[in-house]
Amino acid sequence: MKRLQRRLKYETESALDRILEILFPPRCFVCDRLLDTLDIQAGRKIHRVCRGKLEPVKQPFCFHCGCPLPDEGAEYCSDCRRKHSCIEQGRALFVYRGTILKSMYRFKYANRRRYAAFLAEEAAARYGDWFKEKEIEVIVPVPMFRKKKRQRGYNQAELFARKISEYTGIPCKSHMVRRIRNTLPQKELGDREREKNVKSAFQISDFVVQHKKILIVDDIYTTGATVEAVAEVLHKAGVEQIYVLSACIGKGF
């Protein structure tokens, strides 16, 4: 019954998204101004001039977490060299600095839900082969505490994950992990405080995890404390290989 309810809820939300796309013209991910007719007809979700204002993550980047590295000869960042992790590898789309800070703020707090489509399109184009190489079986977004999600109206990581699922065909299971504690915003805490803040904050909602290779999706990766906490409960439940994809990575900046 619960699965049916979840499916109906997802289909209802998808239908509402399609109605919104008809009623409200799409906006550029970077400047938030309306896209013109030519952009829409070409399937673009961003003005061509605005794309140059973004900073994609490029080589060299950390083999483990995916953050940019200043030294081409290095394989790992200083953090990943000294810590144990349940995560196999992580990747990110953009460096979290400059123009994109305002874009991600609007995505999280200003109801710009449709930004998820642009981010997911980028993810599928840049990391689609990586998903296949790692044989990702299911996508799991970082969950939001229930009360906070009701107040905001949505979970931006879940929107991002669902759109990736639509573009790639990889199933998204947003209810596999739930957040059982209303943690403090990570941006307000230091590194050690972040780890303590999310410790024991997540729980597997399904008693049996049938999947062995899972992709965790989040909006912003900084210290990695949140995705590590999610990965830990998945690993304890029997998941063998856990990967991470974030829209932005700010580690080291």
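A quick term before we start: buried means under 20% relative accessible area, exposed means over 50%, and partly exposed is in between (1.4 Å probe, protein chains only). Select Phe131: with a relative accessible area of 3%, Phe131 is buried.

Some housekeeping: residues are numbered from 1 along each chain as its sequence is written. This is a predicted model, where local features need pLDDT of at least 70, side-chain atom pairs count only at pLDDT 80 or more, and totals for chains, interfaces and linings use all residues; side-chain values use heavy atoms, leaving out hydrogens and water.

Now the rings. Rings of Phe, Tyr and Trp (its six-membered ring) pair if their centres lie within 6.5 Å; planes under 30 degrees apart are stacked, over 60 edge-to-face, and the rest tilted. The whole structure has eight aromatic pairs. One of them is Tyr105 with Tyr109, tilted, at 4.9 Å centre to centre and 50° between the planes. Tyr109 is partly exposed, at 36% relative accessibility. Go back to Trp130 and Phe131: their ring centres are 6.0 Å apart and their planes at 50°, so this pair is tilted.

Next, select Phe29, Phe94, Tyr115 and Phe118, which ring pairs link into a cluster.
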